[in-house]
Amino acid sequence: MATTGRRPASIVPKPPSSLSPTCIIAEAASLTGTNLITVSANAVLQPRAKIIATYAPVVIGEGCIICERASVGLMNADGDEEEESGIGVILEKNVTVEAGAMVEAKFVGEGTTIELGARIGKGAILGKHCKVTPLSVIAPGENLPDFTVAYGLSERRTEKPGLEVLRKKVHEKHIEVLRRLIPTNLAKWKS
């Protein structure tokens with residue numbers, strides 16, 4: 001009997017998950033790990049977005065957008081007390097993680113935008129309505145207060161509050177457009 005050179009497809013177990021029926025998860029998104037992944041209402045995981053719950057749980061808040069090639073979750077285990085206490089990565093409401101960004105932060109506050117290719121170190125805490133500009137790096141354990149803009153090589157400035165309502169409306173329109181563009185099949189991800 002001749003072999004065809006094909007290897008049998010390995011069956012990867014689905015991670016434990018709590019998915020809102022109104023979330024949008026693209027067919028080509030990746031959810032991996034053995035810890036709980038929570039995706040709240042109206043959150044969007046675009047194609048090739050990665051949620052990694054191998055070392056700690058991940059919570060994606062209501063209305064969050066995780067773009068293509070972005071990674072959210074702890075990438076490795078260092079034996080920190082966060083992993084032992086079960087605290088992983090938490091994204092609050094309306095957080096946007098743009099293409100190629102990597103987020104290992106302990107907490108990202110409401111309305112924060114993490115732009116193209118930015119890196120958020122393990123255990124960092126970002127306040128509400130922060131902006132991390134493209135290719136910026138937030139050091140592990142760093143704490144950004146509310147309304148902080150991180151840019152350049154460790155440069156920081158504070159924005160004046162006042163545009164949050166307008167930004168939220170634009171964010172909601174973005175989610176509605178993505179809802180029409182991205183087909184979702186939640187049954188694929190349910191454990």
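Seven strands are arranged in an open sheet with the order β1-β4-β7-β10-β13-β16-β19, and their pairing is parallel. Strands are DSSP runs of E with at least two residues, helices are runs of H or I with at least four residues, and both are numbered from the N terminus; two strands pair if DSSP finds at least two bridges between them.

The structure is a predicted model, in which local features require pLDDT of at least 70, side-chain atom pairs count only at pLDDT 80 or more, and totals for chains, interfaces and linings use all residues. Residues are numbered from 1 along each chain as its sequence is written, and side-chain values use heavy atoms, with hydrogens and water left out.

Strand β17 (residues 131-132) is joined to β20 (residues 148-151) in the parallel sense over two bridges, and A150 in β20 is the bridge partner of V132.

H129 is located in the loop between β16 (125-126) and β17. With a relative accessible area of 18%, H129 is buried (buried means under 20% relative accessible area, exposed over 50%, and partly exposed in between, with a 1.4 Å probe and protein chains only). Residues up to four places away in sequence not being counted, H129 touches E110, G111, T112, F147, T148 and E164, contact meaning heavy atoms within 4.5 Å.

C64 is likewise buried, at 0% relative accessibility, and C67 is buried at 11%. A search of the whole structure finds zero disulfides, a disulfide being a pair of cysteine sulfur atoms within 2.5 Å.

At the surface, L163, L166 and V170 form a nonpolar patch with about 290 Å² of accessible area together. Such patches comprise residues with over 30% relative accessible area and no salt bridge, nonpolar side chains (Val, Leu, Ile, Met, Phe, Trp, Tyr) being joined within 5 Å and like charges within 9 Å; a salt bridge is a side-chain nitrogen of Lys or Arg within 4 Å of a carboxyl oxygen of Asp or Glu. Accessible areas come from the Shrake-Rupley method with a 1.4 Å probe, and for residues only the protein chains shown count as cover. L163 lies in the loop between β21 and α2 (164-181) and is partly exposed, at 46% relative accessible area.
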